[in-house]
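Subject: Structure for your files

Hello,

Here is the structure I said I would send. My notes on the cores and the ligand follow below it.

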Amino acid sequence: MKRRQEEVAVWRGELARREEVAVWRGALARREEVVMLSEEPARRREDVVLWRREPMRGPGMGRRKSFPAMCRGGFFLVLVVAMLFPWAGKVVAQGGGQYWDFPPMAPPHEYGDIVMDRVSSAAGRKPVYFSHWSHRRTAACLVCHFELGFEMEKGQTEIVEEDLGNGLYCGACHDGKTAFGNTEKTCANCHRKRPSGWKKKFKKFAKPFPKTGYGNRIDWVEATEKLDPPFSLSGDKPMAFDKRLDLAAEWAMVPPAMFPHVPHVRLLDCSNCHPDIFNIKKKSTKHFEMRFILAGKFCGVCHGKVAFPVQDCKRCHPKMRGSRH
Ligand code: HEC
Ligand code: HEC
Ligand code: HEC
Ligand code: HEC
Ligand code: HEC
Ligand code: HEC
């Protein structure tokens, strides 16, 4: 958590002028409250409700990006070619690959799986192997990443074994009722290597859902409809916020990226994105570019790690040729 906050601070310092930050103090202060609250479990749930009822507001910080380098040599050419031919998606992806480093992609059954080893090995235990896909039916993202206080970055959540017995983190569900508890017999359920037969288990899990070409190769938007994971521990429902944004790309000939709030707010809390990752005004987030997304910023906080990866161009740029939309 500390590292992330420092990073965010550095990032924000780099991007924003002081007075812009001042405008956001209100929102930021509230965000800090949430961080504090996540260390105070007894009060947390009530406050979560309050927090969610209080809509985020505040003027957008900053202005549109300064005029970008439009013709970045060969890349521009690749795009022009790509737009003119139906196999564009592929070419763009490959062409893009020469300019952008795509992170290596895990196989479908391991995509989104996380080895947690902040303290386990040092304490003489095997690391914990946690899988996102196997938990997709159990809860929406915000249950873990907002209500239970898991960081959205590997190795950052400060969990010790005692917490689990106190009903925190994994222990909120792994209590012997909702899911297996924490007993001598179950240590190895969590402290384990990737289980054998994992691929087979995944295949069985994935079978009923529509397929995509990347990541887990499951269309999680459709699958979420079917799995219908509980949205919140406090009984809240997703906020009806259906704003769909067309984010015009700053390069000529590049079709806009689309950001639909609906599939996101079905799974996430507003504060998972605002204001730490995105300003709350369309096209006001600075340095909002593919190279940063690929480096794990902005959309790349989730897309490429747990949500479908950046290689799936047309799900975000639906007008790129060969689109399914
Ligand atoms: C059952 C709890 C749980 C749910 C539900 C959950 N996560 Fe996570 N997530 C975790 C844990 C645990 C970690 C690892 C945190 C750590 O190591 O400190 C994690 C880590 C992450 C990371 C960082 C990955 C990395 O490689 O650094 C991202 C991104 C993420 N989650 C996104 C999501 C999204 C998006 C959803 C909803 C589709 C989701 N999570 C649902 C528990 C959960
Ligand atoms: C929101 C509730 C919830 C939280 C939080 C949660 N789990 Fe689970 N988990 C479940 C449920 C429910 C199941 C049973 C799923 C099933 O039977 O399909 C499960 C199943 C599992 C399994 C067996 C399936 C598999 O992936 O092999 C493991 C291992 C596991 N959880 C580990 C963890 C760890 C480690 C954490 C914390 C980092 C955690 N869980 C946090 C609800 C939760
Ligand atoms: C529901 C999943 C789960 C179960 C079951 C579980 N653990 Fe853990 N345990 C975790 C997680 C998550 C961490 C933190 C992992 C990390 O970041 O290194 C952890 C950390 C630890 C640590 C290192 C931290 C510390 O407190 O020293 C020890 C030791 C440990 N567990 C022992 C056990 C033992 C013994 C059992 C069986 C009685 C057990 N665990 C069962 C999830 C689990
Ligand atoms: C997955 C991340 C994410 C989540 C969750 C999210 N938003 Fe957004 N939101 C964005 C992005 C991205 C933008 C556009 C920012 C930009 O273009 O600089 C945006 C913009 C907005 C805007 C400005 C729209 C405009 O036309 O200027 C509002 C208002 C907003 N969000 C409210 C909310 C509310 C309320 C919630 C919770 C119900 C929410 N958002 C949840 C990512 C998110
Ligand atoms: C906090 C995590 C998070 C962030 C940040 C985020 N997303 Fe998502 N997004 C998700 C999850 C989870 C889904 C559900 C699909 C999945 O898991 O693959 C999703 C789904 C989508 C979909 C729906 C695709 C479809 O087939 O209907 C689009 C489009 C999308 N995201 C675009 C974006 C864009 C553009 C950004 C950046 C402006 C962004 N997302 C930022 C988590 C996130
Ligand atoms: C997760 C959503 C997402 C995916 C997947 C995605 N993009 Fe983007 N793309 C964006 C967003 C958001 C922007 C910035 C829009 C803005 O400037 O506000 C963008 C901007 C761009 C730009 C303009 C230049 C720049 O860097 O800002 C190009 C070119 C581009 N995308 C190409 C691609 C290609 C090629 C792929 C597939 C390899 C791809 N995108 C996949 C979301 C996505």
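A nonpolar core here is a set of buried Ala, Val, Leu, Ile, Met, Phe, Trp, Tyr and Cys residues joined through C-beta atoms within 7 Å. Buried means that 20 or more other C-beta atoms lie within 10 Å of the residue's own, with C-beta atoms placed from the backbone.

The model is predicted: local features need pLDDT of at least 70 and side-chain atom pairs count only at pLDDT 80 or more, while totals for chains, interfaces and linings use all residues. Residues are numbered from 1 along each chain as its sequence is written, with chains lettered from A and ligands numbered from 1 in the order in which they are written.

The protein chain has 15 helices and four strands, taken as DSSP runs (helices H or I, at least four residues; strands E, at least two) numbered from the N terminus. Of its 325 residues, 20% are buried.

The largest nonpolar core has 14 residues, and those touching the most other members are Ala140, Cys141, Leu142, Val143, Cys144, Leu267 and Leu268. Helices H7 and H13 (270-273) each supply at least two residues of this core; the largest share, five residues, comes from H7. A second, separate core of seven residues includes Ile218, Ala223, Cys302 and Phe308.

Around ligand 1 there are 25 residues, of which Cys141, Cys144, Lys154, Thr157 and Val306 come nearest; a residue counts if its C-beta atom, placed from the backbone, lies within 6 Å of the molecule. Strand S1 (113-116) and helix H7 (141-147) each give two or more residues to this shell, and the largest share, four residues, is from H7.

Regards

Conventions. Buried ≥ 20, exposed ≤ 12 C-beta atoms within 10 Å, placed from the backbone.
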